[in-house]
Each structure stands twice: as structure tokens, then as C-alpha cells.
Amino acid sequence: NAVNIAIVGSCNTDLISYVPRLPKPGETIHGTKFSVGFGGKGANQCVMAARLGVKVAMVSKVGDDSFGHDTIKNFQTNNVNTNHVSMTKEAATGVAPITVNTEGQNSIVIVSGANMLITEDDAKSALSQMPDLKVVICQLEISPHTSLAAMKYAKEKGILTIFNPAPAIPELDSQFYKYADIFCPNETETELLTGLPVTNITEAEKAALALLDKGCSKVVITLGTQGSVVVTSETRKAIHIPTNKVKAIDTTGAGDAFIGSLAYYLAHYPALPLEECIKRASHIASVSVCGAGTQTSFPWKKDLPSELF
Ligand code: RIB
Ligand code: NA
């Protein structure tokens with residue numbers, strides 16, 4: 001029952017409206033479908049890793065409300081250790097109203113609620129109770145101080161850290177670059193952090209080097225349909241890793257499926273080259289894009305081709 005991956009991060013309830021196109025400011029439009037699902041970048045990454053069959057723990061906070069109770073039940077259904085998911089009366093469970101257009105693109109509002117109440121001590125005390133940890137993942141949907149404290153703690157213990165700077169903030173504390181073993185933004189997050197355009201692979205390669213210059217040792221930029229770009233400080237040679245083409249139904253949470261899968265490969269197959277881990281994680285993310293919703297579209301190990309394992 002030893003936990004190998006911990007996610008210190010957010011839980012949201014996703015309130016998803018499917019629309020012909022994203023509304024403009026001041027505009028009212030008709031949606032075609034509505035659904036409620038489990039989300040939050042932290043929770044999504046956690047559930048994805050757990051579905052691949054590795055022991056995962058979530059470190060998070062939810063409100064003492066129906067969304068909070070359901071969130072904990074959902075983790076249990078997905079074989080996630082919830083010993084460190086606490087419930088607070090001080091705030092409501094995080095929510096994310098999401099609109100998804102017919103191209104599968106989305107826009108998301110997050111109301112963090114209880115997520116912002118996860119403290120540095122919550123994170124450190126939880127991690128200190130997991131002696132077999134191999135990977136810790138953090139994002140930016142909780143207090144940045146808490147994410148940083150968790151990564152610093154992990155790094156000191158020799159645990160691999162993956163940092164997903166999402167949603168991006170322009171003035172990111174420079175320590176994040178130092179404490180992340182793998183720094184993993186998407187194209188828009190990279191643009192915000194570097195001030196450089198990231199509209200194609202060549203630009204992504206340049207931006208990846210700019211992130212290395214900020215102090216990262218390994219950078220993986222996800223590029224949606226274009227796959228990803230990886231670079232390490234050892235070689236400083238950016239490598240493009242394409243992904244398989246699919247018909248997008250709903251891209252919500254695809255980045256989270258990628259990161260959760262990447263953590264799984266790093267924890268479970270430590271000898272597998274990073275490029276191969278990325279290739280396989282991209283494949284799993286592309287499967288998620290073909291299904292509606294966030295966690296609802298994440299595959300289980302048994303649904304995936306055996307070459308991935
Ligand atoms: O990355 C997708 C997630 O972002 C959604 O599940 C939503 O909750 C927001 O946090
Ligand atoms: Na999806």
C-alpha cells in the first residue's frame with residue numbers, strides 16, 4: 001500500500017456547458033448540453049495516474065458540502081489514497097464553470113474556495129508520512145506558497161518533482177524553476193512566463209531554452225495537436241515529440257491526463273528514457289481528447305494498448 005506518487009493540488013467540481021461557440025462579453029447564447037463532473041488540475045492528474053495502476057495519494061482540501069463529499073468518494077472509486085484530503089467548514093469546494101465549443105476548445109473560470117486553504121504544513125506533514133514516494137506533482141490552483149513548500153520538501157528528500165505552472169501567473173517566484181525537476185507548461189503558460197510567442201514548434205523550442213535559462217533542469221512544453229517539446233540543461237537541444245492525430249471532442253483536462261501519465265511512467269518505469277515517457281503520456285492524453293468531459297474521458301490501463309506498458 002506504499003504511496004509512490006503524491007499530488008499536492010486542487011479539487012474542483014466542473015460545471016460544463018457545451019456551446020456552438022464561446023460567448024463574447026455581454027452576450028447570452030444557448031448551450032446544447034450541460035454536465036457536472038470531477039475536475040481540478042490536481043485531482044485530474046491524480047486520477048489519471050491512479051487509473052494506470054500506481055499507488056497515488058491526493059493532498060488537498062474540500063468544503064463540507066455535497067461537492068466535497070462526492071469528490072472524496074470519487075477518489076476512492078479511483079483507488080486514490082484520501083488520508084490527506086481534508087474537509088473545511090471555512091470555504092466551499094472549488095468549482096469550475098467551463099464552456100466547450102464544437103471544436104472541443106474550452107474556456108474555464110475557477111473559483112478556488114477550499115483549495116486556497118491547503119497550508120504549507122498540510123503539504124509537508126502529508127508528504128512526510130509517505131516514505132516510498134517517487135514523484136510529487138504540483139500546480140498553481142492552490143496557494144503558490146504551498147506548492148513551493150511541497151516541492152522544496154520533496155526535492156530535499158530526493159523525490160522527483162513535476163511542476164505544472166497552471167493556470168499561469170506572470171510573476172512566478174523564481175524558486176519554482178529551481179525546485180521543479182520537470183517544468184511542464186502548455187503553450188499559453190509558456191508565452192506568459194517567457195514573454196515569447198509559442199505558436200509553432202520552432203518558437204516552442206526557443207521558449208523551452210528561455211525556461212532553461214530561468215533555472216530549470218528539464219522542460220516539457222505541451223503543444224496540443226502538435227505534441228510536445230522537451231529539452232534538458234545537459235544537452236540544451238530541444239526535441240519535438242509529435243503525437244497521434246485524433247478528432248477532438250473535448251480537450252478539457254488533456255494536459256492533466258498528460259502530466260498524470262508522465263508521473264506514472266517516471267515512477268513506475270524509472271529506466272525508461274524521458275522522451276519515451278513523454279511519447280506514451282501524449283498517447284494517453286490524445287485518448288482523453290476523444291471523450292467528453294474531464295476525468296470521464298481518462299482511460300484506465302485495461303482500455304489502453306499493451307505496448308504502452
Ligand atoms: O485542466 C482542466 C481543469 O481545469 C478542469 O477540470 C477545471 O476544474 C480546471 O481546474
Ligand atoms: Na476530454
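Helices (H or I, at least four residues) and strands (E, at least two) are DSSP runs, numbered from the N terminus. The model is predicted, and here local features need pLDDT of at least 70 and side-chain atom pairs count only at pLDDT 80 or more, whereas totals for chains, interfaces and linings use all residues. Residues are numbered from 1 along each chain as its sequence is written, chains are lettered from A and ligands numbered from 1 in the order in which they are written, and side-chain values use heavy atoms, with hydrogens and water left out.

**Stop 1: Met48**

Select Met48, which lies in helix α1 (residues 41–51). With a relative accessible area of 0%, Met48 is buried, a word that stands for under 20% relative accessible area, with a 1.4 Å probe and protein chains only. Show next the residues that Met48 touches, leaving aside those up to four places away in sequence: Asp256, Ala257, Gly260, Ser261, Ile284, Phe298 and Pro299, where contact means heavy atoms within 4.5 Å. For a distance check, pick Ile278, which is 230 residues from Met48 in sequence and 15 Å from it in space, C-alpha to C-alpha.

**Stop 2: Asp14**

Move to strand β2 (residues 12–18) and select Asp14. Asp14 is buried but has no salt bridge, and the nearest side chain of opposite charge, that of Lys41, is 8.6 Å away; a salt bridge would need a side-chain nitrogen of Lys or Arg within 4 Å of a carboxyl oxygen of Asp or Glu, and for charge Lys and Arg count as positive and Asp and Glu as negative, with His and the chain ends not counted. Beyond residues up to four places away in sequence, Asp14 touches several others, including Ser35, Phe38, Ala96 and Thr294.

**Stop 3: the sodium ion**

Select ligand 2, the sodium ion, and show its donors: Asp250 (O), Ser288 (O), Gly291 (O), Gly293 (O) and Ser297 (OG), at 2.6 to 2.7 Å. Donors are N, O and S atoms within 2.8 Å of the metal (3.2 Å for Na, K and Ca), and since water is not among the atoms, sites may look incomplete. Asp250, in the loop between β13 (239–241) and α8 (254–268), and Gly291, in the segment after α9 (274–289), are 41 residues apart and link distant parts of the chain. Asp250 counts as buried at 0% relative accessibility, and Gly291 counts as buried at 18%.

**Stop 4: helix α6**

Finally, select α6 (residues 187–194), whose buried residues are Glu189, Thr190, Leu193 and Thr194. Just after α6, Gly195 takes a positive phi of about 75 degrees. The buried residues of α6 pack against α5 (175–179), β10 (182–183), α7 (201–213) and β11 (218–222).

Conventions. Buried < 20%, exposed > 50% of the residue type's maximum accessible area, 1.4 Å probe, protein only.
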